[in-house]
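Work through the exercises below with the sequence and the 3D structure at hand. Each task is followed by a solution in steps.

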Amino acid sequence: MQRLLVCFILLSVTATAQFPTLPDYPKGYFRNPLNVDISLSGNFGELRPNHYHMGLDLKTLRRENLQVFAAADGYVSRIKIEPGGFGRAIYINHPNGITSVYCHLNDFNQALEKWVKNKQYELESWNLNEEVPAGSFPVKKGEFLAYSGNTGGSQAPHLHFELRRTSDEVNLNPMLFDFPIADNTRPTILRLGIYDRTKSVYEQSPRIVPLAAKATGSYSAAPITVNSPRVSLAITSYDTHTGSSNLNGIYEAVLFDNNDAVVGFRMDAISYDATRYLNAHIDYRTKSNGGAYLQHLSELPGYLHSIYTKFKGDGVLDLSDQQPHEIKIVVKDAYGNSSTAITTIRYNGSTVAYAPPSGKRFYPLMVDVFESDDCEFIIGERTLYDSVTIAHKRSLSSLPAVISAVHTIGAINIPLQDAMAVRIKPITDPGADERERVVMQRFAGTKKDVMKVSWQNGWAMAGFRDFGSFQLVVDSEPPQVIPVGFSHGANLARSSRISFTVKDNLDKWKVLRTELDGKWIRFTNDKGRYFHYRFDENCGPGDHILKVIAMDEAGNQVEKTFRFSR
């Protein structure tokens with residue numbers, strides 16, 4: 001018993017991991033930007049498709065138009081309006097060198113709304129990403145800014161709130177600023193994923209080991225035997241806070257091997273330049289195949305701008321001694337609540353025959369090229385996260401608009417950080433006039449994308465950030481402008497707005513201009529599909545002409561005119 005006690009004390013003393021010291025973030029400086037208690041539907045660093053969640057999602061009682069207030073003294077420094085993403089957003093710079101950001105808003109306060117409208121008409125653009133002169137809109141802590149909404153990429157009413165360093169726009173975890181969020185709940189750890197690191201993480205399925213809860217915050221698995229001398233681990237884990245059932249992201253995890261801290265990660269500061277590196281942090285292959293999120297407890301070689309701290313290696317465990325290794329994983333939230341998973345892993349000394357897939361091997365942090373008679377693709381040094389074999393397959397299309405072979409490159413469950421360059425040679429030269437209407441189309445299952453190509457020595461080139469099948473298409477069909485809820489010559493005296501939408505055969509287009517009676521008119525385009533103009537002082541009683549000009553990716557342009565009266 002005395003020996004066990006000594007071992008336990010030794011374990012408690014040595015099982016530590018020293019992350020870089022956090023800055024002394026101001027406590028109590030920022031207030032809750034809402035007048036309702038903070039309840040989170042999303043937290044900082046939470047795992048999202050192709051990105052980390054970069055702020056807090058504050059619940060707004062499942063409705064829109066709650067008042068949103070300035071979190072501290074400062075001045076409005078930027079206004080952003082876009083169909084997706086943040087929707088309608090306000091940025092405030094504060095004297096302490098931090099910028100607060102408020103997103104998915106509905107109407108701004110009266111003064112800001114007037115400034116926005118004037119700026120949109122000045123620039124003849126509904127989309128905005130404009131810096132606001134520093135003295136234009138000073139604000140005090142608690143001053144009304146706007147109403148909460150569901151604009152942009154939001155899927156339900158809420159306020160997305162961020163804190164950033166003003167100097168470099170690196171996002172900081174707001175939960176480190178002592179907001180009034182009650183949290184006495186520990187993170188939950190559901191499962192382990194085990195990877196054979198003698199091969200690529202993208203050329204295997206992990207061995208999944210469920211974890212059994214032994215007590216509050218304590219999890220374990222039976223001893224594990226593996227047939228590889230080099231393995232890495234991943235976890236499925238989530239966090240909640242008091243009174244909430246939302247499964248949010250964890251803040252910190254550390255892997256220990258025989259009581260030595262090996263590697264860990266923290267969600268404390270992430271820039272938007274690095275947010276796509278989430279795909280190096282998770283098991284992308286498992287997630288894209290419909291599985292759970294698994295967060296790697298190892299740093300993949302192509303993960304630049306990493307959230308990991310290496311205490312003793314990169315997280316790949318050397319089990320070649322064939323001895324049991326005591327594995328401990330400690331997971332924490334931003335308030336210090338922690339949970340621990342414990343097991344042992346041993347290599348059994350066996351070897352498993354492995355037949356690598358066919359294709360060409362590519363490596364992270366290296367530039368390399370695949371070449372064939374009519375297809376080339378270039379993988380840049382910042383494109384891959386782990387080494388992987390990339391296959392190429394050529395087939396033919398029966399569609400008359402397709403002027404090349406179909407080239408299937410790689411697999412869609414292999415992620416890319418930067419775009420790869422794809423070059424395709426057409427089967428027959430389309431000629432100078434037709435070349436102007438050639439696009440490269442990527443498709444994978446039901447997902448499709450098209451890019452305008454550039455030509456060089458008879459080859460067409462475009463960049464894509466996903467693998468799939470690629471072909472050259474001649475697109476001579478312009479988009480269609482379709483009225484919604486009215487027809488040409490309609491009397492809209494009883495209507496509050498006029499709307500239209502756009503359709504295209506390859507589903508990629510943009511509206512170049514909207515005019516009312518020869519002058520630019522402001523149509524909103526929230527969420528990207530429908531365009532709405534709410535009648536105002538720019539459209540009085542009488543006859544009017546609405547003109548819409550739209551263009552697709554191939555450059556085909558349409559000009560549609562509608563007459564209506566009010």
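**Exercise 1.** Find where Arg-62 is placed, and decide whether Arg-62 is buried or exposed.

Solution. Arg-62 is in the loop between strand S4 (56–59) and strand S5 (67–69); strands (E, at least two residues) are DSSP runs numbered from the N terminus. The model is a predicted one, in which local features need pLDDT of at least 70, side-chain atom pairs count only at pLDDT 80 or more, and totals for chains, interfaces and linings use all residues. Residues are numbered from 1 along each chain as its sequence is written, and side-chain values use heavy atoms, with hydrogens and water left out.
Next, take the accessibility. Buried means under 20% relative accessible area, exposed over 50%, and partly exposed in between, with a 1.4 Å probe and protein chains only. Arg-62 has 83% relative accessibility, so it counts as exposed.
Last, look at the backbone. Most residues other than glycine have a negative phi. Arg-62 is not a glycine, yet its phi is positive, at about 65°.

**Exercise 2.** Classify the ring pair of Phe-500 and Phe-531.

Solution. Start with the rule: rings of Phe, Tyr and Trp (its six-membered ring) pair if their centres lie within 6.5 Å; planes under 30 degrees apart count as stacked, over 60 as edge-to-face and the rest as tilted. By this rule there are 25 aromatic pairs. For Phe-500 and Phe-531 the centres are 4.8 Å apart and the planes are at 0°, so the pair is stacked.
Then place the two residues. Phe-500 is in strand S43 (residues 497–503) and Phe-531 in strand S46 (residues 530–534), so that the pair links parts of the chain 31 residues apart. Phe-500 is buried at 1% relative accessible area, and Phe-531 is buried at 8%.
Ring pairs also join these two to Trp-509, Phe-523, Tyr-533, Phe-535 and Phe-564 in a cluster.

**Exercise 3.** In what order do the strands of the open five-stranded sheet stand?

Solution. The order is S42-S48-S47-S44-S45, and the pairing is mixed; two strands pair if DSSP finds at least two bridges between them. Strand S42 (490–491) and strand S45 (519–520) each have a single partner strand, so they stand at the edges with one side left without a neighbour in the sheet.
Now take one pair. Strand S44 (residues 509–516) and S45 run antiparallel and are joined by two bridges. Leu-516 stands opposite Lys-519 in S45.

**Exercise 4.** Describe the surroundings of Gln-441.

Solution. Gln-441 is in strand S36 (residues 438–444). Its relative accessibility is 8%, so Gln-441 counts as buried. Contact means heavy atoms within 4.5 Å. Leaving out residues up to four places away in sequence, Gln-441 touches several residues, among them Lys-448, Asp-449, Phe-470 and Leu-506.

**Exercise 5.** Which residues have a charged end over a ring?

Solution. The rule asks for NZ of Lys or CZ of Arg within 6 Å of the ring centre and within 35 degrees of the ring normal. One case is Lys-328, whose charged end sits over the ring of Phe-256, 4.9 Å from its centre. Another is Arg-88, which lies over the face of Phe-108 at 4.1 Å from the ring centre.

Definitions and conventions:
Helix = DSSP H or I, 4+ residues; strand = E, 2+ residues; numbered from the N terminus.
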